[in-house]
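Visitor: Could you walk me through this one, a question at a time?

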Amino acid sequence: MKKNFFNGKHKFLLAFVLFAIIVADSASAYVCKYKEDYYKLYHIHYQQLPDDCIENIYWLEKAVNADFANPYYAMAHVETEREWEKYRYLFMMHVNLKLIEQHLRLGRIYDKQAALFYDAPWNEEYLRNLEKAKSCYEAGYYYWEEVKLWAEKATVSQFNFLYLTDIQNWEDERERIVNGELDYKRTLDRELTRLQKVIDKLVDMTDKKY
């Protein structure tokens, strides 16, 4: 059963997501039904605010849970059932990668790279934001497991010498994941280790005033 991201410690995002849903649904007359429809609503802003990231997470999650459109409307040219199968695996891999990226972007909005001695008067606010960042980073582990699963499915022997050139960037992502060049677990581990050190330092400042 698919894990619900908004359970438990991630509930702080629920209000933001509900807001994004209301805004997105009221602002768009575009009828979405299939994975490809929802994916096309995902977009990157030059400077992303929390609401932008949350809106993208919403659309990407909808893409994960929707059905695929008829192969005629796929985002790559497919002629055989085998091509269609690999396309579906690559699509799911790619969307989960984008979900990791959006959670990292959202986390970094709330993150603080270092705790300085004069941060003491605001340490409670910093700590609240760092907990939000931590929650975003931790959510990335779930999506990374999904990425590896779909990348593995798209790399089985029946797909040897079968490449969907219309989505070459997805094929490149798959190859980098399989050979270990692209490893978001390593990134998430690094960010969480650093973030915990910042949290610990801010906690030690609790009774200090400047």
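This is a predicted model: local features need pLDDT of at least 70, side-chain atom pairs count only at pLDDT 80 or more; totals for chains, interfaces and linings use all residues.

Visitor: What secondary structure does the chain have: how many helices and how many strands?

Guide: Reading from the N terminus, the elements go α-α-α-α-α-α-α.

Visitor: Of the 210 residues, what percentage count as buried?
Guide: Buried here means under 20% relative accessible area. Against that cut-off, the share of the chain's 210 residues that counts as buried is 47%.

Visitor: Among contacts between residues at least 6 apart in sequence, what percentage join residues at least 24 apart?
Guide: A contact takes heavy atoms within 4.5 Å. Start from the pairs at least 6 apart in sequence, then keep those at least 24 apart, and you're left with 80%.

Visitor: How do H3 and H4 run, roughly parallel or roughly antiparallel?
Guide: H3 covers residues 50-65, and its axis sits 9 Å from that of H4, at an angle of about 160°. Angles over 145 degrees count as roughly antiparallel. So H3 against H4 is roughly antiparallel.

Visitor: Is His 103 buried or exposed?
Guide: His 103 sits in helix H4, which spans residues 81-110. Its relative accessibility is 1%, and the buried label needs a value under 20%. His 103 therefore counts as buried.

Visitor: Which backbone oxygen does the His 103 side chain reach?
Guide: The distance is 2.7 Å, and a polar contact needs N or O atoms within 3.5 Å. The oxygen that the His 103 side chain reaches belongs to the backbone of Leu 99.

Visitor: Which side chain makes a polar contact with the side chain of Glu 171?
Guide: Glu 171 lies in helix H6, residues 168-178, and is buried because its relative accessible area is 2%. Leaving out residues up to four places away in sequence, Glu 171 touches Leu 90, Leu 162, Tyr 163, Leu 164 and Lys 86. The polar contact, at 3.1 Å, is with the side chain of Lys 86.

Terms used. Residues are numbered from 1 along each chain as its sequence is written. Side-chain values use heavy atoms; hydrogens and water are left out. Helices (H or I, at least four residues) and strands (E, at least two) are DSSP runs, numbered from the N terminus. Buried means under 20% relative accessible area, exposed over 50%, partly exposed in between (1.4 Å probe, protein chains only). A polar contact is a pair of N or O atoms within 3.5 Å; within protein, one must be able to donate a hydrogen and the other to accept it, and residues adjacent in sequence count only if both atoms are side-chain atoms. Axes are lines fitted to C-alpha atoms, for helices over the stretch in contact, and angles run from 0 to 180 degrees between N-to-C directions. Angles under 35 degrees count as roughly parallel, over 145 as roughly antiparallel, 65 to 115 as roughly perpendicular and the rest as oblique.
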